[in-house]
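My notebook is open, and these are the entries in the order I made them. Have the viewer ready if you want to follow along.

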Amino acid sequence: MILDADCVCFDVDSTVITEEGLDILAKSLGLEDEVKELTTSAMSGSISFRLSLSQRLQLLKPRCIDIDNCMRTHPFKLNNGIQYLIELLKDRGVDVFLLYLFILQAMSLFTSYPDLDILLL
């Protein structure tokens with residue numbers, strides 16, 4: 001079915017890459033437990049995803065330098081088969097879109113896909 005689509009959109013965290021970007025950043029900033037607690041609250045339905053994301057970002061106060069340092073010490077790892085799948089989709093003329101929070105830093109991961117469409121959210 002996916003191969004017959006006109007376009008496909010992938011969330012980057014835990015789909016394209018093996019981990020959650022905010023969790024990686026939180027760990028690098030020494031705030032892993034606090035972020036994990038907020039994530040758990042959202043997953044259990046205690047608070048909304050939107051509120052959880054807002055609170056996690058307020059806690060982390062991510063700056064470009066923090067993200068750059070995090071990526072240098074903990075580079076992204078692609079999930080097994082994702083590169084093949086994206087190449088297969090592109091070869092079939094399927095538009096592939098990636099959604100990611102830290103888009104400017106993530107672009108370094110996807111330079112091998114120069115014709116990939118990236119949505120800024």
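**Entry 1: the cavity.** How many cavities of 30 Å³ or more does the count come to? I found 1 cavity at that cut-off. A cavity here is a set of points on a 1 Å grid over the protein atoms alone where a 1.4 Å probe fits but cannot get out.

**Entry 2: ground rules.** I am working with a predicted model, in which local features need pLDDT of at least 70 and side-chain atom pairs count only at pLDDT 80 or more, while totals for chains, interfaces and linings use all residues. Residues are numbered from 1 along each chain as its sequence is written, and side-chain values use heavy atoms, with hydrogens and water left out.

**Entry 3: the whole protein.** I listed 7 helices and 3 strands, running in the order β-α-α-α-α-α-α-β-α-β along the sequence. These are DSSP runs numbered from the N terminus: helices are H or I of at least four residues, strands are E of at least two. Of the 121 residues, 33% are buried. I call a residue buried under 20% relative accessible area, exposed over 50%, and partly exposed in between, with a 1.4 Å probe and protein chains only. The accessible surface comes to about 7700 Å², 55% of it from carbon and sulfur atoms; the areas come from the Shrake-Rupley method with a 1.4 Å probe. Among contacts with a separation of 6 or more, 68% join residues 24 or more positions apart. Contact means heavy atoms within 4.5 Å.

**Entry 4: the second largest pocket.** Next I looked at an open site. A pocket is an open set of grid points with protein on both sides within 12 Å along at least five of seven lines. The second largest pocket has a volume of about 150 Å³. Its lining consists of Glu 19, Asp 23, Ile 24, Lys 27, Ser 28, Glu 32, Lys 36, Cys 70 and His 74. I count these as 2 nonpolar, 2 polar and 5 charged. Which helix gives the largest share of the lining? That is α2, with 4 residues. At least two residues each come from α2 (21-28) and α3 (32-43).

**Entry 5: α2 and what follows.** I then checked the buried side of α2, and found Gly 21, Leu 22, Ile 24, Leu 25 and Ala 26 there. Their cover includes α1 (12-16), α3, α4 (49-60) and α5. Just after α2, Gly 30 has a positive phi of about 75°. Glu 32, in helix α3, is partly exposed at 30% relative accessibility. Leaving aside residues up to four places away in sequence, Glu 32 touches Ala 26 and Lys 27.

**Entry 6: Gln 55.** This residue belongs to helix α4 and is partly exposed at 29%. Beyond four places in sequence, Gln 55 touches Leu 38 and Ile 47. From Gln 55 to Leu 38 the C-alpha distance is 7.5 Å, across 17 residues of sequence.

Entry 7: I noted Ser 14 with phi near 60°; Ser 14 sits in helix α1 and is partly exposed at 40%. Lys 61 has phi near 45°, lies in the loop between α4 and α5, and is exposed at 60%.

**Entry 8: cysteines.** How many disulfides does the count come to? I got 0, taking a disulfide as a pair of cysteine sulfur atoms within 2.5 Å. The sulfur of Cys 7 has its closest cysteine sulfur in Cys 9, 7.7 Å away, so the two are too far apart for a bond. Cys 7 is partly exposed at 45%, and Cys 9 is partly exposed at 44%.

Technical notes:
On a 1 Å grid over the protein atoms alone, a cavity is a set of points where a 1.4 Å probe fits but cannot get out, and a pocket is an open set with protein on both sides within 12 Å along at least five of seven lines; lining residues have an atom within 4 Å of a point. Grid points are joined across faces, edges and corners, and a volume is the space filled by probe spheres set on the points. Ala, Val, Leu, Ile, Met, Phe, Trp, Tyr, Cys and Pro count as nonpolar, Asp, Glu, Lys and Arg as charged, and the others, Gly among them, as polar.
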